[in-house]
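Dear colleague,

Please find the structure below, handed over for your records. My notes on its side chains follow it.

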Amino acid sequence: MSHAVPPPVFLAAGEVEKHFPAASRLVPALATALANFSSGAEGGVVQPVRTVVPIQKYSGFLGIMPAYSEKDDALTTKLVTFYEHMTDPAVPSHQATVLLFEPSNGTLKAVMDGSVITAKRTAAVSAIATKFLMPVDSEVLCILGAGVQAYSHYEIFTEMFSFKEVKIWNRTKEKAEKFAHSVHGPVQVCSSAQEAVTGADVIVTVTMATKPILHGEWVKPGAHINAIGASRPDWRELDDDAMRNSVLYVDSREAAIRESGDVILSGAEIFAELGEVVLETKPALREETTVFKSLGMAIEDTVPAKMIFDSWSAGS
């Protein structure tokens, strides 16, 4: 007699938020996953570079991001859409769904809202890079952009680090002002990107820019930059000066040379993957000016998705 396969659970954004792991659990788990990825076959992480389907009629893209982690015994695929020019401000530029499978037989166990996962895991990976690469005694944090990723980065950066000053700039000043009024803690709204960047020890770029908005000549020597936006081969956030005069770290070499306009168009040389720094096979040169170019990897979704599902299962 055959047994019916149980239907997958659907975890909406609220449930994902409720069961999302604390930074104290997520950050070490993600650091281990990055190290496993950079260890090659013995690390047990299998993930191709994401497939991107352009939707030219609407200036949009569909990304497909599968991954398997042998050590976490977790199998996921993320489907993410991102659109350059949204006419309806109520619709986010990025939307995502994460599918969690049972690795032993392929059964779909859960369908989760992926937007919360994407925002929080991206910020957590930036925090890992920042922990290794930011100058000692960093005091000033600068955020360029005021969207979802700005909030998630502010949240974990102010939890993990002790900045004395936070500055923000956004193309639309109203959004930057709304950000400053929404978060806990003082934030200085700047009139230009240059004003925000000047004197900053740690810089986070989380914009939808397709041309450089951060110029290397503004950057304090020894500062650390987390470059999060510009996820297409012809998009930029950082100019050639910023890219070429910094030590460049990436989440994935293979993805960076295929997907990152900042890397491809500047011709900047990649020094190391972040996972190699975690493994201590490559040094963290925090005394230098550094850039961490984050494109986001599927394994970064797999880790929190499994933790969320396990938490939900324990409570249901």
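K120 lies over the face of F20, 5.6 Å from the ring centre. A charge is taken to sit over a ring if NZ of Lys or CZ of Arg is within 6 Å of the ring centre and within 35 degrees of the ring normal. K131 is likewise placed over the face of F132, at 5.2 Å from the ring centre.

Before the remaining findings, a word on the basis of these values. The model is predicted: local features need pLDDT of at least 70 and side-chain atom pairs count only at pLDDT 80 or more, while totals for chains, interfaces and linings use all residues. Residues are numbered from 1 along each chain as its sequence is written, and side-chain values use heavy atoms, with hydrogens and water left out.

Aromatic pairs

The structure holds eight aromatic pairs. Rings of Phe, Tyr and Trp (its six-membered ring) pair if their centres lie within 6.5 Å; planes under 30 degrees apart count as stacked, over 60 as edge-to-face and the rest as tilted. One of the pairs is F61 with W235, which is edge-to-face because the planes stand at 80°, with the ring centres 6.0 Å apart. F61 belongs to strand β4 (residues 60-69) and W235 to the loop between β12 (224-227) and α7 (240-244), so this pair ties together parts that are 174 residues apart in sequence. Helices (H or I, at least four residues) and strands (E, at least two) are DSSP runs, numbered from the N terminus.

F61 counts as buried at 10% relative accessibility, and W235 is also buried, at 6%. Here buried means under 20% relative accessible area, exposed over 50%, and partly exposed in between (1.4 Å probe, protein chains only). Ring pairs link F61, W235 and F82 into a cluster.

Y249 and F271 form another edge-to-face pair, with 5.6 Å centre to centre and 75° between the planes. Since Y249 lies in strand β13 (residues 247-250) and F271 in strand β14 (residues 270-273), the pair ties together parts that are 22 residues apart in sequence. Y249 is buried, with a relative accessible area of 0%, whereas F271 is partly exposed at 27%.

The surroundings of D201

D201 is found in the loop between α6 (193-197) and β11 (202-205) and is buried, at 7% relative accessibility. Not counting residues up to four places away in sequence, D201 touches P135, S138, E139, V140, K220, A223 and H224, where contact means heavy atoms within 4.5 Å. The D201 side chain reaches the backbone nitrogen of E139 at 2.8 Å.

With kind regards

Conventions: A polar contact is a pair of N or O atoms within 3.5 Å; within protein, one must be able to donate a hydrogen and the other to accept it, and residues adjacent in sequence count only if both atoms are side-chain atoms.
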